[in-house]
Amino acid sequence: MRYYFAPMEGITGYIYRNAHHKFYPGVDKYFTPFLVPNQNRRFSYREMQDIMPEHNNQIHLVPQILTNQADAFIWTALELKQLGYDEVNLNLGCPSGTVVSKRKGSGFLAFRDELDQFLDKVCSELEMKISIKTRIGKDSPKEFYELIEIFNKYHLEELIIHPRIQKDYYKNTPNLEVFGDALAISGNPVCYNGDLFTVQDYENFVEQFPDIHMIMLGRGLLMNPGLLNGIETHTVLGKVSFRQFHDTIYHGYQETISGGKNVLFKMKELWFYMGRMFTNPDKYLKKIKKSEKLTDYEIAVSNLFREQDLIEHIPSISL
Ligand SMILES: Cc1cc2nc3c(=O)[nH]c(=O)nc-3n(C[C@H](O)[C@H](O)[C@H](O)COP(=O)(O)O)c2cc1C
């Protein structure tokens, strides 16, 4: 099995990715949170920091692009090629209202002629590997059967499918029936993404789809960064490495983000997921959430690690 770490805007930037790779190696590909080509044809400072080869030299990274303009996609991809990347990923999954209203992300799925023309231009002009990360439709899963005919016209490195529609956001459960059809009909290699949070989820999934060879994990890895060790060797997350992993991210943010409040904002977002690995975290998570100073935060985190054990298995959950 090949394992990919899903792109997660605001969370899986280079500080997080490098810490993850250091303490929990085994991810075959990481994807950047989406890069948005702008009018000036320049990456923002934050985007540049995230894709700089010097910040990613230990890991296999695929940059993801969010646009519906073929020229912008091509320009961005060529810049990335100059930096040494040989694959780019198109975001056709983002469900956010502001993105969708601009016909981007999963909003682009509703404009299938335009999408076809976009892919025609991009795939014929770019000499790079192109992969797509997509939902199965904007308003209805039925749209997928038209979409797959479009995708099948092109040679893609892989088609990563998160089998929800835009309207689902992250609610409801992934549509495994449509995913099964996708696997049967796709002319391109298919990667599955969606709601695999535990070793058990993974095992159930591969039992149902024994032909799948690529899996992308997102929130499951945010909750349990050692999930791949669980999947591969049934080892459970250890406290010492989890603490070191946390500290590496925390110090990385302190070195690169100005203002303690901004550092805390990023760490609190992470604790929404990581907190679930502890037996009785609520009291501590409240303290973490309330902390306004780095010192308060550090005390709350130390108490949590000292006083609570890690659980062996996350109960099945919905996020
Ligand atoms: C906070 C957050 C940020 C995300 N950012 C991106 C993104 O930048 N690009 C993208 O393709 N998907 C993004 N996603 C979607 C994830 O990559 C993934 O498809 C989704 O979480 C489902 O996988 P999971 O159930 O394994 O988490 C984001 C999801 C979350 C929760």
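1. A search of the whole structure finds 16 salt bridges. The term requires a side-chain nitrogen of Lys or Arg within 4 Å of a carboxyl oxygen of Asp or Glu. This is a predicted model: local features need pLDDT of at least 70, side-chain atom pairs count only at pLDDT 80 or more, and totals for chains, interfaces and linings use all residues. Residues are numbered from 1 along each chain as its sequence is written, and side-chain values use heavy atoms, with hydrogens and water left out.

2. R2 and D28 meet through their side chains in a salt bridge, 3.9 Å from N to O. The pair links distant parts of the chain, 26 residues apart: R2 is in strand β1 (residues 2-5), D28 in the loop between α1 (14-23) and β2 (29-31). Helices (H or I, at least four residues) and strands (E, at least two) are DSSP runs, numbered from the N terminus. R2 is partly exposed at 36% relative accessible area, and D28 is partly exposed at 25%. Here buried means under 20% relative accessible area, exposed over 50%, and partly exposed in between (1.4 Å probe, protein chains only).

3. Helix α5 holds a local pair. K121 and E125 lie four residues apart there, about one turn of the helix. Their side chains form a salt bridge at 3.1 Å, N to O. K121 is partly exposed at 30% relative accessibility, as is E125 at 47%.

4. L119 is buried, at 1% relative accessibility. Its C-alpha atom is 10.0 Å from that of H155, 36 residues apart in sequence.

5. R164 forms a salt bridge with D195; the closest N and O atoms are 2.8 Å apart. R164 lies in the loop between β7 (159-161) and α7 (176-185), and D195 in the loop between β8 (190-193) and α8 (199-208), so the pair ties together parts 31 residues apart in sequence. R164 is buried at 1% relative accessible area, whereas D195 is partly exposed at 23%. Separately, salt bridges that share partners join K29, E87 and E158 into one network.

6. K142 sits in the loop between β6 (129-134) and α6 (143-151). K142 is exposed, with 68% relative accessible area.

7. The unreviewed UniProt entry lists residues 5-254 as "domain: DUS-like FMN-binding". UniProt positions follow the numbering used here, feature names are shortened, and annotations may be inferred rather than shown by experiment. Over residues 5-254 the chain is 42% helix and 12% strand.
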